[in-house]
Amino acid sequence: MIESNLRTFLGLFFIFLIVIIWVSSSFIVQLVEKDKSINKPFFITYFNNSIFTLYLVIYYIKNKFKKDKKNYSKLKNDESLSNYSLESIDNYNSALNYRVNNDSSSESYIAIDSANSSTTDLIENIPTELPIVAPHLQEESENLSVSETFRLSAIFSFIWFLSNYFQNASLSLTNVSSSTILSSTSGLFTLLFGVLARTESFNYIKFAGVLISLFGVIFVSKADHGATDDIGNSPILGDILSLCGSILYGLYTVLLKKKIPNEDKVDTMLFFGFVGLINTFFLLPLFPFFHFTGIESFDFSDFDSNIWKILLVNAFIGSFISDCLWLYAVLLTSAVIVTVGISLTIPFALIGDIFFKGADANISHFIGAALVILGFLCVNLEKQIQKLFFLSHSNSS
């Protein structure tokens with residue numbers, strides 16, 4: 001188990017890595033995409049999640065390496081134990097039998113002990129416990145087994161898929177501003193579900209931090225709304241899907257934190273590998289259903305090389321790497337901290353737009369970015385803020 005301070009530091013470090021990866025990925029996608037649009041939310045979500053199956057290959061290689069290393073260590077232990085003299089052990093056992101079967105006078109003991117002093121010394125130096133071998137024989141019963149990990153992945157994978165699918169589908173139905181605002185309410189739902197599941201403690205500072213971050217997102221989204229935002233084909237349905245995606249995000253994030261209290265309890269690669277495998281096989285029959293019912297067409301004739309580049313960049317950088325970091329961040333910190341921390345993509349993206357794309361930013365952009373950062377600090381520094389309030393209240397009284 002990693003120490004508390006180091007856990008927090010690593011968790012925050014992973015959050016910043018995720019933010020940088022997501023922002024960088026979005027810029028790469030924009031460069032490749034130009035003015036093309038891909039309106040296939042089911043296929044994109046399926047493609048991104050199926051990539052997780054590659055984690056099973058990494059898990060197999062890692063376990064094979066560990067097994068080979070364990071066998072080598074066991075072989076070295078066996079060789080070291082064989083250096084003890086079996087003949088001396090037999091002599092010692094004979095001496096013990098002689099003591100039992102003959103007169104127990106002090107002279108007999110002295111004679112026997114003198115005759116077998118070298119043997120006795122050797123036997124006494126043989127360790128009664130074998131700390132070198134024991135760790136290899138110990139099983140970490142508190143860790144999830146392969147079957148338990150599979151069951152958790154099965155529950156998680158469908159909630160995960162629906163959340164991502166609803167968010168992707170909402171983008172083609174409503175405007176980007178509304179989708180961004182509603183998806184940012186995931187912080188509120190994460191806090192609510194966390195309090196109900198007792199993985200989060202409720203206090204007004206944490207709640208205020210979530211609200212401040214949400215208001216920051218609203219500021220930025222409203223500043224972008226108007227000139228470039230399309231109203232969408234079905235804004236009400238799109239808003240409902242985006243809100244459902246936020247609710248499901250809060251649900252599966254808290255579910256993971258509840259089922260996996262710390263990062264040592266589950267093998268992350270095995271977990272995500274099963275998520276990819278389950279998505280790949282169990283959701284495959286939905287392709288013909290979606291195609292023939294007209295929900296989503298799977299004609300890829302209009303997919304050129306640039307579009308496939310977009311999909312691969314999103315799958316490997318935006319999902320395969322960052323989602324694994326996301327899980328570690330949730331386990332090392334808390335679901336609320338990670339959810340609010342992901343909103344830091346807004347100020348980072350704003351900086352990227354200004355310095356790399358020469359975009360114009362108004363005061364609303366900067367206010368929104370500042371509110372997002374302030375909300376993130378409130379959630380992370382809630383204990384320190386509480387101490388400041390307590391000290392100021394004590395001094396005033």
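Trainee: Which residues does V338 touch, not counting residues up to four places away in sequence?
Mentor: V338 touches I15, Y249, W326, A329, V330 and T333, leaving out residues up to four places away in sequence. Contact means heavy atoms within 4.5 Å. This is a predicted model: local features need pLDDT of at least 70, side-chain atom pairs count only at pLDDT 80 or more, and totals for chains, interfaces and linings use all residues. Residues are numbered from 1 along each chain as its sequence is written, and side-chain values use heavy atoms, with hydrogens and water left out.

Trainee: How many residues has the largest nonpolar core?
Mentor: The largest nonpolar core has 65 residues. Such a core is a set of buried Ala, Val, Leu, Ile, Met, Phe, Trp, Tyr and Cys residues joined through side-chain atoms within 4.5 Å. Buried means under 20% relative accessible area, exposed over 50%, partly exposed in between (1.4 Å probe, protein chains only). F156, F271, F272, W326 and V338 have the most contacts inside the core.

Trainee: Which helix gives the most to this core?
Mentor: Helix 15, residues 305-332, with 12 residues. Helices (H or I, at least four residues) and strands (E, at least two) are DSSP runs, numbered from the N terminus.

Trainee: New topic. How many disulfides does the structure hold?
Mentor: It holds 0 disulfides. A disulfide is a pair of cysteine sulfur atoms within 2.5 Å.

Trainee: Is C324 buried or exposed?
Mentor: C324 counts as buried, because its relative accessibility is 12%. C378 counts as buried too, at 13% relative accessibility.

Trainee: Where do helix 10 and helix 16 meet?
Mentor: S186, G187, T190 and L191 in helix 10 meet A335, V336 and T339 in helix 16.
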